[in-house]
Amino acid sequence: MPESFEAKVESQIERLKRSSGREIEKETAQKRIAWLAQNQPAVCQKAHPGPRQAFEALFFDYMGIPADELPVLSESADEIVWHSLNPCPTLAAVQQLGLDTRRVCRASYEKSTQAFISRLDPQLRFLRSYAEIRPYSGYCKEMIVRIDFDDMMRVAIEEAKVSKQQGNKGYGAVVVLGHEIIGKAHDTAVTEHDPSRHAEVNAIRQAVQAMGDSNLSGAILFSTCEPCPMCSSLAVWANLTSVVFGASIEETAAMGKSRIRISAKEIVERSPVMIEVIGGVLGEECRSLYE
């Protein structure tokens, strides 16, 4: 017998009382990924599904929400935007507990939703408007967009070329939120006489200033080279959703570059936050920067 809405609300109230946002995030992501591992061939057979296929797989097939409760506002090959109007146990639980959906949903359900979508295609990105979210609005405005990883890495590569022209070490980084670049920089450690001025540090600093928020959940860091432990740790403290790089630490170390040989993935796995790490994007072009 299906669980009633009231029972779901009570269950969510207890969950919010006993668990932190990060615990709920991790638990929810694991549950969604496990379901998709069993059902993906049935719900999405395309090798590279679009925003529409990801939207339907998550909300129709996994969550079982009727289409009329998720009216689509606009749609293209690279984006789908909708309003969520469905009865939501989390919304009801948060209201009863006097909490803020902007905090709870961002902390618990943004990255866990992205974890599901990334298993379909990591270039698809889930975004939510925290200015248009219930109960502060009559709906929750959400979207799935496609980000071209190669295009973003090319922007980082151009930054790396500028770095070399200026007498620095040739690293470039970009921070992207949806279709918007919110940070773009190269390393300036040599010219600024400051060893902390790695490309990723400079780009993340730009991004938090642009957003007016040190929490960059939802954003992706693109870097021509795998972030060092310092930069990977900064990605953790900035709560980025993804780190995407071209050349790896091991590859550049083999070229004679001075590297601390601890991977970005190891830093993330030992951290308190959930960040996906993707390497090898335009790897050959990025490696050529350091030969």
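**Entry 1: a helix on a sheet**

I started with helix α3, which lies across β1, β2, β3 and β4 and runs at about 35° to β2. I note here that this is a predicted model.

Next I looked up the sheet under that helix. Four strands form an open sheet in the order β1-β2-β4-β3, and the pairing is antiparallel. Which strands stand at the edges? I found β1 (72–76) and β3 there, each with a single partner strand, so one side of each has no neighbour in the sheet. On average, neighbouring strands of this sheet are turned by 15° against each other, with direction ignored.

A reminder to myself: strands of a sheet pair through backbone hydrogen bonds, either parallel or antiparallel.

I then followed β4, which covers residues 140–146. Is this strand mostly covered or mostly open? It is mostly covered, since I read that five of its seven residues are buried.

On to its pairings. Strand β2 (residues 79–84) is joined to β4 by six bridges, and the two run antiparallel. Valine 81 stands opposite methionine 143 in β4, and tryptophan 82 stands opposite glutamate 142 in β4.

How many bridges pair strand β3 with β4? I counted five for β3 (residues 124–128), again in the antiparallel sense.

The peptide bond that joins arginine 134 and proline 135 is cis, with omega at about 5°.

**Entry 2: helices against α5**

I went back to α3 (residues 51–62) and looked at how it meets helix α5 (residues 101–120). Their axes come within 10 Å and cross at roughly 125°. The two helices are therefore oblique to each other, and their crossing is right-handed.

Which residues make the contact? From α3 I listed Ala54, Ala57, Leu58 and Tyr62, and from α5 Thr113, Phe116, Ile117 and Leu120. Sorted by class, this contact of α3 with α5 has seven nonpolar residues, one polar and no charged.

**Entry 3: the five-stranded sheet**

My next stop was a sheet of five strands, which is open and has the order β6-β5-β7-β8-β9. Its pairing is mixed. The edge strands are β6 (180–186) and β9 (276–278); each has a single partner strand, so one side of each is left without a neighbour in the sheet. Neighbouring strands here are turned by 15° against each other on average, direction ignored.

I zoomed in on one pair. Strand β7 (residues 220–225) and strand β8 (residues 242–247) run parallel and are joined by five bridges. What is the bridge partner of isoleucine 220 in β8? I found serine 242 there.

Helix α7 (residues 199–211) lies across β5, β6 and β7, running at about 145° to β6.

**Entry 4: two positive phi values**

Last, I looked at two loop residues. Asparagine 239 is in the loop between α8 (229–237) and β8. This residue has a positive phi of about 60° although it is not a glycine.

Leucine 282 is found in the loop between β9 and α11 (283–288). Its phi is near 50°, again a positive value in a residue other than glycine.

Are these two buried or exposed? Asparagine 239 has a relative accessible area of 16%, so it is buried, the cut-off being under 20%. Leucine 282 is buried as well, with a relative accessible area of 11%.

Key: Residues numbered from 1 in each chain as written. Predicted model: local features only at pLDDT ≥ 70, side-chain atom pairs only at ≥ 80, totals over all residues. Heavy atoms only, no water. Buried < 20%, exposed > 50% of the residue type's maximum accessible area, 1.4 Å probe, protein only. Pairing = 2+ DSSP bridges. Axes fitted to C-alpha atoms, helices over the stretch in contact; angles between N-to-C directions. Parallel < 35°, antiparallel > 145°, perpendicular 65-115°, else oblique. Left-handed = near helix turned anticlockwise from the far one by under 90°. Contact = heavy atoms within 4.5 Å. Nonpolar A, V, L, I, M, F, W, Y, C, P; charged D, E, K, R; others polar.
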